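I opened this model to take notes on its confidence, overall fold and strand pairing.

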Amino acid sequence: MRLIFIILICQVSTAIFCQRIDFESDPDKNLFIKLYGEVHYNQPINPNIKQNGMLDVHRLVTLFGYQFNKNTQFVSEIEFEHANEIFVEQAFLKHKIISNLSMRAGMILVPMGFVNVNHEPTAFNGVERPLVDKYIIPSTWRSIGIGLSGLLTNQSIKYQAYLLEGMSSYKDGVATLSSGNPIRNSRQKGIKASTNTIPSLAAEIEYFGISGLKISASYFGGQTVSSLNDELDLSNERLVLQADSSVVRLRMVTLFSDFSFDNFNIKMQATFGKNLDSKPYNEFANSDVGSSFYGFYIEPAYNINVNDKKKWTLFTRFSMYDTNSSQSIDNLNIDTQRTVWTLGFGHFFTKGVVGKIDFQKIWTEESNFQTINAGIGVWF
Amino acid sequence: MVLKFISGLLFFIFMFPQTELSLLLQYEKKIAKITESEFVIDNFKLLETNNRPFAYWEAYKNEKNDFESTLIIASIFTCNLGGCTAEQAYAKSKSSQEYFDLVLELSDDKISKIKVLQYFSDYGYEISSKNYLKKYIGRSICDFTLSNTEVDIISGATISCDALQYFLGSLCD
């Protein structure tokens, strides 16, 4: 009763006792516009073959956000990729339910791995994102859905869980899963995305209670979506069987750790994925996707701080991934394992501006090739 | 089943009371636990509220405490929506949207208790770690200035750490 009385008093009064930070009275400062972008130069090196380099405005992403009040905000990112593709990368509403527990709905980044969420060029080492975060975790991986995120401050734990649109495995007569791309081409990117009655689940738990250390575990699971399930005549057994064969159950787990001590930092990430039901899928869709895939990397780095704003970051990254580590049919493209070594540095001219150069060597089962990459990145 | 779950979730979210209370009332239970005080509202007397560009805070005196102490509950602005990039001016934070809520107990200007009550942003939440915050205990608020980083900054939570230390220094004034 007493609390109800106090609430009523607070609601009808503008007394000093109830005064606090207030976004609604000055909406001009609530809109926020930001941008990040990266321009790259990739030059393959091969002593026997002459190859052209590539110059690319790889990404230019504008962020528009609005803080409606203390509890509710909207964040969107519109991405221009390779100077000719436009995508919506994020568009979600975040609303605080109670302290340290928020709801998020809309187009959300799938919380899996470091780079998928922290993909601004000033946030990761190397000109290009790690290849594990391209072929195994298909960054930028985003989906439409709804879920919860929160903090347990006493336990130093951050958690998030979302119900999301599924991945698409079969669309308009075309199989999207293959041995080289077990997941990347199945992203629907929120473009009139189809969904199952049972959505996919993405969840992450992170522990940050030890100074300098963060560790996290992420999970993604769900059945893929097939266009054959749209307007399916359930009395037609043959069509139902075909539709069943055009989907797989996808399961992925990622473990990540980030340890910093003085100027030294080391990141480690490992992802394991399974495409259950890949055998009937391959037989029906005439594809060659494996039943499992994996990727991991270890990346030590050292920061040389010139001053508060200017620094150099030297790093090396050893990674290995296989987009087709377990085969479900015999005639597979077996050359899917890659070992990648990257060595490079980044120079932060000031906070939010970086220039990067690195050397990358990639070994396959049968050959190897090398690339020199250079680029600039900004975030402001 | 799923639709029921989602509709139940949405009902819970939008029907949950979002009334704006004083920070003391918003975090009554947590503060009672932290201060080991059973009846927070009866025991704490409001000394002052302060609304500055970088923070809003309320100061209370615990009247049932045997020793002299001041309880500060604050909403501290950190950086901008969507994450911080270049130097975010929390000190002149007219355009800051992200904030966190914090409680601290001062005895003779020294920090005896400190806890993050709520962290809304997706960036810099590492500051809420108990292991990190205990580095502040026993330090005087007057030791903190922008140019003097008394406690280590957490990599990835630089702006939040800076904002906290700036806020502590401002209390000295």
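The entries below go from conventions to confidence, then to chain A and its strands.

**Conventions.** I am reading a predicted model, in which local features need pLDDT of at least 70, side-chain atom pairs count only at pLDDT 80 or more, and totals for chains, interfaces and linings use all residues. Residues are numbered from 1 along each chain as its sequence is written, while chains are lettered from A and ligands numbered from 1 in the order in which they are written.

**Confidence.** I looked up the scores of the complex: the predictor gives an ipTM of 0.82 and a pTM of 0.87. For chain B I found a mean pLDDT of 79, with 73% of residues at 70 or above. pLDDT is the predictor's confidence in each residue, from 0 to 100. A contact means C-beta atoms, placed from the backbone, within 7 Å. Where pLDDT is low, predicted coordinates should not be read in detail.

**Chain A overall.** I counted 4 helices and 19 strands in chain A. These are DSSP runs numbered from the N terminus: helices are H or I, at least four residues, and strands are E, at least two. The C-alpha trace spans about 75 × 65 × 40 Å along its principal axes. Of the 380 residues, 39% are buried, that is, with 20 or more other C-beta atoms (placed from the backbone) within 10 Å of their own. Among contacts with a separation of 6 or more, 60% join residues 24 or more positions apart.

Strands β3 (residues 72-81) and β4 (residues 85-98) of chain A pair antiparallel over 10 bridges. Pairing requires at least two DSSP bridges. Glu79(A) has Phe87(A) as its bridge partner. The hairpin has 3 residues between its strands, and His82(A) in the turn has a positive phi of about 55°. β4(A) also runs antiparallel to β5(A) (residues 101-109), with 7 bridges. There His95(A) stands opposite Met103(A). This hairpin has 2 residues between the strands, and Asn100(A) takes a positive phi near 65°.

**Open sheet in chain A.** Which order do the 3 strands of the open sheet take? I read β9-β8-β12 (chain A), with mixed pairing. β9 (174-175) and β12 (225-226) of chain A each have a single partner strand, so one side of each lacks a neighbour in the sheet. β8(A) (residues 168-171) runs parallel to β12(A), joined by 2 bridges. Ser168(A) stands opposite Val225(A).

Notes: A residue is buried if 20 or more other C-beta atoms lie within 10 Å of its own, exposed if 12 or fewer, and partly exposed in between; C-beta atoms are placed from the backbone. Two residues are in contact if their C-beta atoms, placed from the backbone, lie within 7 Å.
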